[in-house]
Amino acid sequence: MERPEPAEVRMSQAIQPAHANPRGELSAGQLLKWIDATACLAAEKHAGISCVTASVDDIQFEETARVGQVITIKAKVTRAFSTSMEISIKVIVQDMLTGIEKLVSVAFSTFVAKPVGKEKIHLKPVTLLTEQDHVEHNLASERRKVRLHHEDTFKNLMKENSEFDDPICDEEEGMVSTGGTAVQSIELVLPPHANHHGNTFGGQIMAWMESLATISASRLCRAHPLLKSVDMFKFRGPSAVGDRLVFNAIVNNTFQTCVEVGVRVEAFDCQEWSKGQGRHINSAFLIYNAVNDKEEMVTFPRIKPISKDDFRRYRGAIARKRIRLGRKYVTSHKEEVPVCVQWDISNQVSLSNANVEALKNLAAKSGWEVTSAVEKIKIYTLEEHDLLSVWVEKHVERPAHLTYHLLSDFTKRPLWDPHFMSCEVINWVSEGDQIYYITCPIVNGDKPKDLVVLVSRRRPLKDGSTYTVAVKSVLLPSVPPCPHYIRSEIICAGFLIRAIDSSSCTVSYFNQISASISPYFAGNLGGWSKSIEETAASCIKFIENATDGGLINTF
């Protein structure tokens, strides 16, 4: 393992049986305690004074660790604001017999510096040494914006959820109530539970919350719950030695192979305990998968809300899922793994057909979920492992053939799509295939991006009614990457246009999002922007204001 960076704090732990769950795996609660302690020490190393946990979010669990293996937790400050800091945490597991290392978890936490007396605090900026430091420094600002606007975004999404048709209206066999998943527990805070400030250790509170959430999830699935991610641990106030902490957990909603469990923590001192008036000190939403005894992934039953509170929690889980999408695919930095193929004119037919088939296969997949519905526009998302796909469905009051004519000519795309600055044909391969060079605007303060894509167009067969415009990046030696742009990639995208009648059609736009283009879907996926809806509305207006010859009357 490489040497630690100057500002980095590392903790290494050999996993003992006392750290494990009944499956012999490192318990998530124990890992959360180690993560919080390491992050706190990284914050205090930068600040030079005591720091406390404000929140821990974007926790993703990629792998499990077992007894006998070694866990290494790396934490460092990515950006300092006036009194708070974001800490990036990375957890690696190493098998001592093989030496193989795997990524277990990534997370981000926010710590606040505690002033000494009346002294004002202004934290020093972080020293950026590498290109990755600069990337994380910029992304830390984006993540902070997401956190600060979280409440407003959540309220807006809750309002949206109440305005469009909800799938809960469709009764189906096997739907269950969440009443049986409610769990309550109590803990008396003792000196071993305190941190070096005298307050209850944040990592200990998170571990207790995770334990209760696991019980709640197991009551629904009757299987082995595996913590997949944590939406956010938000510390609203402190508790101290002698306090009684009351934990309440319940399942909020299920999403095929995932379940969201909400946990609320209230603290009581002696007087508050006798009066029954506690302090709300923490809330969190934990997302679990589950496996059966054969290690097969379990599909959770759909939830049937009954009470007003059930409906509130049900819709809240849908809103949080959408916000998680935005955070997961926008504010993390993933290296692009190129998958585009070399353009070969001798293999033109095969590449073109593969382009079209990939789009049709993406459209035919099951598991698409509605995330937004406004007037003529619906947005769906599909998550498969680390891949996220978006489907935007539009109703257009123009004939399918005219719509196809306009959308298949990418030189017209900048007229309605603000994500495309320019589109020029660089190789007219055939009537059905063209290669375009595309430039895109700057996003997140980075360089602008460019693309080289193959656009394959297909009119419907005589007995069909669907027009196809498939898009995929290709490598073209005559157009190498330019230093002024970041060469990006479209894995699979395009339009399927279906005639409704002679004067209207449905346009479905699909995009399997790559790491390089995910920033353009940023705010919309997370619910803090309407960029996709606005672009779709612009597309509809562009098409409906066009003449049969493809010219624009008014726009």
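In the predicted model, helix α8 (residues 400-407) and helix α10 (residues 531-544) approach each other with their axes within 10 Å and cross at roughly 115°. Axes are lines fitted to C-alpha atoms, for helices over the stretch in contact, with angles running from 0 to 180 degrees between N-to-C directions. Helices (H or I, at least four residues) and strands (E, at least two) are DSSP runs numbered from the N terminus. The crossing of α8 and α10 is right-handed; under the convention applied, a crossing is left-handed if the near helix is turned anticlockwise from the far one by less than a right angle, and right-handed if clockwise. Thr-403, Leu-406 and Leu-407 of α8 meet Cys-539, Phe-542 and Ile-543 of α10, contact being defined as heavy atoms within 4.5 Å. By class, the residues of this contact comprise 5 nonpolar, 1 polar and no charged. In this classification Ala, Val, Leu, Ile, Met, Phe, Trp, Tyr, Cys and Pro count as nonpolar, Asp, Glu, Lys and Arg as charged, and the others, Gly among them, as polar.

Residues are numbered from 1 along each chain as its sequence is written. Because the model is predicted, local features need pLDDT of at least 70 and side-chain atom pairs count only at pLDDT 80 or more, whereas totals for chains, interfaces and linings use all residues; side-chain values use heavy atoms, with hydrogens and water left out.

Both helices are largely enclosed by the rest of the structure, since 6 of the 8 residues of α8 and 10 of the 14 residues of α10 are buried. Buried denotes under 20% relative accessible area, exposed over 50%, and partly exposed the range in between (1.4 Å probe, protein chains only). In α8 the buried positions are Ala-400, Leu-402, Thr-403, Tyr-404, Leu-406 and Leu-407. These buried residues pack against β14 (387-396), β17 (449-458), β18 (466-475), β20 (492-501) and β21 (504-513), as well as against α10. The buried set of α10 includes Ser-531, Glu-533, Cys-539, Phe-542 and Ile-543. The end C-alpha atoms of α10 lie 20 Å apart, in agreement with the 20 Å that its 14 residues should span at 1.5 Å a residue; the expected span is 1.5 Å times one less than the number of residues.

The protein chain contains 10 helices and 21 strands, and 51% of its 555 residues count as buried. Of the contacts in the chain with a separation of 6 or more, 69% are between residues 24 or more positions apart. In the largest nonpolar core, which has 70 residues, Ile-71, Met-85, Ile-87 and Phe-233 touch the most other members. Helix α1 (residues 28-47) gives the most to this core, with 10 residues. A second, separate core of 40 residues includes Ile-379, Val-455, Ile-497 and Phe-542. A nonpolar core is a set of buried Ala, Val, Leu, Ile, Met, Phe, Trp, Tyr and Cys residues joined through side-chain atoms within 4.5 Å. Beyond its neighbours within four places in sequence, Met-85 contacts residues including Ala-43, His-46, Cys-51, Val-77, Arg-79, Phe-111 and Leu-123.

Lys-76, in strand β3 (residues 70-80), counts as buried at 18% relative accessibility. Its C-alpha atom is separated by 6.2 Å from that of Ala-7, 69 residues apart along the chain. With neighbours within four places in sequence left aside, the contacts of Lys-76 include Glu-5, Ala-7, Glu-86 and Asp-133. Glu-5, in the segment before β1 (9-14), is partly exposed with a relative accessible area of 34%; residues up to four places away in sequence not counted, Glu-5 touches Lys-76 and Asp-133. The C-alpha atoms of Glu-5 and Leu-129, 124 residues apart along the chain, are separated by 9.5 Å. Leu-129 lies in the loop between β5 (101-113) and α2 (131-148) and counts as exposed at 60% relative accessibility.

Most residues other than glycine have a negative phi. Gln-256 has a positive phi near 60°; this residue is located in the loop between β8 (244-255) and β9 (258-268) and is partly exposed at 43% relative accessibility. Glu-295, likewise not a glycine, has a positive phi of about 65°. Glu-295 is found in the loop between β10 (279-291) and α6 (308-330) and is partly exposed, with a relative accessible area of 48%.
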